[in-house]
Amino acid sequence: MPAKPPLVSLVIPTRDGYDILKQCLESIYNKTSYENFEIIVVDNQTSCEKTLALFNDYIDAKSNFSVLKWDKPFNYSAINNFAVSQASGDVVGLINNDIEVISEHWLTEMVSHALSPEIGCVGAKLYYPNDTIQPVSYTHLRAHETGRNL
């Protein structure tokens, strides 16, 4: 890991889903030891008032939190590509809105691997609430000629 850890942009697409998004955000902010990150929530036509209020609460409370509006039909790839085009980080993490952080060093570990020149993609082991392992998923962290990882 470099002396100055790179900014990581965590992109979280969502639509409504207040309870799962709240848990996701709280766990990232409360259980992540890596400090240099931003969260970009991509709002895909949320209509739930509680979720909209949650967006505003985090915008008011966290300087590293933002919401982008995606007012088009759901398309996971397009939503993430749009958000990445707006991201400031040197590393980008594509995060589902239903995850909960359980290890404070998760982001440090993923970033340290993603920065290795021989690594093209880093993924997390995801667990169900009953501690069984979810089917394999991954976060794309790919090196570009610009030096930016995605």
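## Strands 2 and 3

Val-42 sits opposite Leu-68 of strand 3 in this predicted model. Strand 2 and strand 3 run in the parallel sense, paired over five bridges. With helix 2, these two strands make up a right-handed β-α-β unit.

Lys-69 belongs to strand 3 and Asp-43 to strand 2, so the contact ties together parts 26 residues apart in sequence. Lys-69 is exposed at 52% relative accessibility, while Asp-43 is buried at 3%.

## Two nonpolar cores

The largest nonpolar core holds 28 residues, and Leu-10, Ile-12, Leu-25, Ile-28 and Ile-39 have the most contacts inside it. Strands 1, 2 and 3 and helices 1, 2 and 4 each supply at least two of its residues, and helix 1 gives the most, with six.

Leaving aside residues up to four places away in sequence, Ile-39 touches Leu-10, Ile-12, Leu-25, Ile-28, Tyr-29, Asn-64, Phe-65 and Ser-66. A second, separate core has 11 residues, including Val-11, Trp-70, Ile-79 and Val-84.

## Salt bridges at helix 1

The whole structure contains three salt bridges. One of them joins the side chains of Glu-26 and Lys-22 at 2.7 Å, N to O; the two are four residues apart in helix 1, so about one helical turn separates them. Both ends are partly exposed, Glu-26 at 30% and Lys-22 at 27%.

Glu-100 and Lys-31 meet in another, at 3.5 Å, N to O. Glu-100 lies in the loop between strand 4 and helix 4 and Lys-31 in helix 1, so this pair ties together parts 69 residues apart in sequence.

How values were computed. Residues are numbered from 1 along each chain as its sequence is written. This is a predicted model: local features need pLDDT of at least 70, side-chain atom pairs count only at pLDDT 80 or more; totals for chains, interfaces and linings use all residues. Side-chain values use heavy atoms; hydrogens and water are left out. A nonpolar core is a set of buried Ala, Val, Leu, Ile, Met, Phe, Trp, Tyr and Cys residues joined through side-chain atoms within 4.5 Å. Buried means under 20% relative accessible area, exposed over 50%, partly exposed in between (1.4 Å probe, protein chains only). Contact means heavy atoms within 4.5 Å. Two strands pair if DSSP finds at least two bridges between them. A crossover is right-handed if, with the strands pointing away from the viewer, the path from the first strand over the helix to the second runs clockwise. A salt bridge is a side-chain nitrogen of Lys or Arg within 4 Å of a carboxyl oxygen of Asp or Glu.
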